[in-house]
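These are notes for a colleague who is opening this entry without having seen it before.

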Amino acid sequence: MDQQVIAELKRLLGHQYVMDQLEDRICYSFDATFRDFPPDVVVKPGSVDEVVAIVKLAGKYNIPVTARGAATGLSGGSVPVKGGISLVLTRLNKIIEIDAANRVAVVETGVITEDFVNAVNQAGLFYPPDPASAKTSTMGGNIAECAGGPRGVKYGITRDYVLGLEVVLPDGNVVELGNKFDSEMAGPDWGMLLVGSEGTLGIVTKAYLRLVDKPSAKQTLLAIFNSLDDAARTVSDMIASGTIPTTLEIMDNQTIRAVEDFLKVGLPVSAEAILLIEVDGSAASIAKQAEHVMKVCRQCGATEIQAASTPEDIDKLWRARKAISPACGKINPTKISEDATVPRSQIPAMVRRLREIAQKYDLKMVIFGHAGDGNLHPNILSNKHNHEEMERVEQAVEELFKAALDLGGTLSGEHGIGYMKAPFLKWETGETGFAVGQKLKKVVDQQGLLNPGKLFNA
């Protein structure tokens, strides 16, 4: 990069917040996927005014800008595939307000998800989106990818909680989209356009988020199955029966074994599958809900149902669920994590297709995910240095996406499109929808500098 640009950036931000040495740039060249693209320079603004100055400078010199938080993404959304500026938003980390009266929080987008959730809990309220990366992911990253989590089946995902956004546009202007009040909407829902746009249309610097009342009680259950098909059928039958659990998570045998080897928490390693189920609400209602859940599980072939009776038992089960990614990483060094999502009624069919694909291409695949809203996470465990195996991986991923779309699903339930899934996006949108996406990008970002190489412009 031109040293004049580096000098201007250092003048704007201070030397300590501008990094152009190779070893620093490598640290910002990747996310949780398996490819890396180093930026030409890394910058860490501390205010929206500094973000504006960086974006205007980038426009002046025609330099790509890729915003990022903690880079826990699984589709390559925050990787600077075209080089340029990696704009790291982690210094914008203030929880500005938790307004209990209006059930609204105002946060900067560099706030760590778990820090925000804990602050909301301390205020006696509840923010349901709960991505597995909550300990490290940022609120801005959640908005950029429209993150979800286990509670999505009952409470919805990030887009359901975004009331308004402060956004730096590609020309450096700042706009407030939406507001703090759910019932007030003047014109289209512009904020919804930004949620899930992966920083391609603007850089979100502040968010107004809806909060809800904290449930007074909950019950956590573990249902054990000798058949993965039976566990998958339980998911669709349970929702069809009218009971909507707070969470309904599935883990196949390979996942169970990987987590048990990693944590040693006493998971049933001989089981073909388990369902981790939670219901919440009033103390009176959860007993009835839990009874119905257990009834459906037994009808579908559950061999055993365990009720977590203490906070320690509940914590153990959720630690097991959230340890899946690091546990699987010990099996093979390269983990390709997908989130192809299908209608709940098609969960059994999708599980069968996934097992057939893994067998066809002779690959290690673990199957788990938020089965309650159809959001499965098939993870292929491989080694990126084995080129022949990676060719089979690419073929398997392509077939996996086709299977999801054939069953009426989508390419992504919460991980986004980034550059990893972009080659397949037209399969879902069709030619006309894809062209609309390209035109929208061109209108909003005329120079094409915000996060190029993603979504409709990969």
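1. Along the principal axes, the C-alpha atoms fill a box of roughly 70 × 60 × 45 Å.

2. This is a predicted model, in which local features need pLDDT of at least 70 and side-chain atom pairs count only at pLDDT 80 or more, while totals for chains, interfaces and linings use all residues. Residues are numbered from 1 along each chain as its sequence is written, and side-chain values use heavy atoms, with hydrogens and water left out.

3. Of the 458 residues, 56% count as buried (under 20% relative accessible area, 1.4 Å probe, protein chains only). The accessible surface is about 19000 Å², and 49% of this belongs to carbon and sulfur atoms; the areas come from the Shrake-Rupley method with a 1.4 Å probe.

4. There are 15 helices and 18 strands. Both are DSSP runs numbered from the N terminus: helices are H or I with at least four residues, strands are E with at least two.

5. Two strands pair if DSSP finds at least two bridges between them. E13 (247-252) and E14 (273-281) are joined by six bridges; Glu 249 has Leu 276 of E14 as its bridge partner.

6. Which helices pack on this sheet? Contact means heavy atoms within 4.5 Å; axes are lines fitted to C-alpha atoms, for helices over the stretch in contact, and angles run from 0 to 180 degrees between N-to-C directions.

7. A four-stranded open sheet has the order E1-E2-E4-E3 and mixed pairing. E1 (18-19) and E3 (65-68) have a single partner strand each, so one side of each lacks a neighbour in the sheet. E2 (41-43) and E4 (85-88) pair in the parallel sense over three bridges, with Val 42 bridged to Ser 86 of E4.

8. Helix H1 (3-13) lies across E1 and E2, at about 10° to E2. Helix H3 (48-61) lies across E2, E3 and E4, at about 170° to E4.

Methods: Buried means under 20% relative accessible area, exposed over 50%, partly exposed in between (1.4 Å probe, protein chains only).
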